Amino acid sequence: MKLVEGRAEIDDLDAFLGNLGTVADEFDCAIQAFDADYVLGETHLRTAVERADRAFDRDANVARERAVEILLYAAGRRQINRALRMGVAEGETDVVVVIHSPEGDAEDERAAAQAVGDLLAPVEAVSDLLAPDRIDREEVRDFFDVSEAELDATDATLADLVR
């Protein structure tokens, strides 16, 4: 799995997703873009990829496409329309893009990551998009349905509870 962080200025969501799809097809990788505001670190996305792979291996996947299955696991939702809120939208957005070769081809992942990076503006004003302190905790808690009582009942971090 490779991650690409950047800022996307998305005027046409369908065209942006189409460009990601073209890269995915060219390098035989699953590629999924996430709104960075909902991503709780690399482990969050790595766990989603592992669970999506497991679902495909067991023929238990909900989505036909591995990239969508990754989105479902990252969002903690089994309905695609509810999980899409974690994806990208039109406008200027900080994004984290997952690139995953189901065959484990690191060379294809690297090449796809380079191509995806060319579609994004580098993040200069924003430090590490995967840093846990950059998220809006209330917004994330609301999206993942994590209550204050749940947080108080454990020593686990918000990221742990989301995973």
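This is a predicted model: local features need pLDDT of at least 70, side-chain atom pairs count only at pLDDT 80 or more; totals for chains, interfaces and linings use all residues.
Residues are numbered from 1 along each chain as its sequence is written, and side-chain values use heavy atoms, with hydrogens and water left out. Helices (H or I, at least four residues) and strands (E, at least two) are DSSP runs, numbered from the N terminus.

- With a relative accessible area of 52%, Gln 114 is exposed; the cut-offs are under 20% for buried, over 50% for exposed and partly exposed in between, using a 1.4 Å probe and protein chains only.
- Gln 114 sits 9.9 Å from Val 23, C-alpha to C-alpha, although 91 residues separate the two in sequence.
- Helix α1 (residues 13-27) and helix α5 (residues 106-119) have axes that come within 9 Å and cross at roughly 160°. Axes here are lines fitted to C-alpha atoms, for helices over the stretch in contact, and angles run from 0 to 180 degrees between N-to-C directions.
- That crossing angle makes α1 roughly antiparallel to α5; under 35 degrees counts as roughly parallel, over 145 as roughly antiparallel, 65 to 115 as roughly perpendicular, and the rest as oblique.
- On the α1 side, the contact is made by Asn 19, Leu 20, Val 23 and Phe 27, while α5 brings residues including Asp 108, Ala 111 and Ala 112. Contact means heavy atoms within 4.5 Å.
- The crossing of α1 past α5 is right-handed, meaning the near helix is turned clockwise from the far one by less than a right angle, with anticlockwise being left-handed.

**The sheet**

- Three strands make an open sheet in the order β1-β3-β2, with antiparallel pairing. Strands pair if DSSP finds at least two bridges between them.
- β1 and β2 are the edge strands, each with a single partner strand, so one side of each has no neighbour in the sheet.
- On average, neighbouring strands of this sheet are turned by 30° against each other, direction ignored.
- Nine bridges pair strand β1 (residues 2-10) with β3, and six join β2 (residues 30-35) to β3 (residues 91-100).
- Val 95 of β3 is the bridge partner of Gly 6 and also of Asp 35, whereas Ala 33 stands opposite Val 97.
- In a regular strand the side chains alternate between the two faces of the sheet.
- Both faces of β2 are covered: Ala 30, Gln 32 and Phe 34 are buried on one side, and Ile 31, Ala 33 and Asp 35 on the other.
- β3 is mostly covered too, with eight of its ten residues buried.

**α2 and α3**

- α2 lies across β1, β2 and β3 and runs at about 50° to β3.
- The axes of α2 and α3 are 8 Å apart and pack at an angle of about 125°, so the two helices are oblique to each other.
- This crossing, α2 with α3, is right-handed.
- Residues making the contact include Leu 45, Ala 52 and Phe 56 of α2, along with Glu 69, Ile 70 and Tyr 73 of α3.
- Glu 69 lies in helix α3 and counts as buried because its relative accessibility is 0%.
- Leaving aside neighbours within four places in sequence, the contacts of Glu 69 include Ala 52, Phe 56, Asn 61 and Arg 78.

**The nonpolar cores**

- In soluble globular proteins, nonpolar side chains tend to be buried together.
- The largest nonpolar core has 34 residues, and those with the most contacts inside it are Phe 34, Leu 40, Leu 45, Ile 70, Met 86, Phe 144 and Leu 158. A nonpolar core is a set of buried Ala, Val, Leu, Ile, Met, Phe, Trp, Tyr and Cys residues joined through side-chain atoms within 4.5 Å.
- Elements giving two or more residues to this core are β2, α2 (42-57), α3 (66-75), β3, α6 (137-144) and α8 (158-162).
- α3 supplies the largest share of this core, seven residues.
- A second, separate core of 20 residues includes Phe 27, Val 95, Ala 112 and Ala 115.
- Back in the largest core, Phe 144 is in contact with residues including Tyr 38, Leu 40, Met 86 and Val 162, leaving aside its neighbours within four places in sequence.
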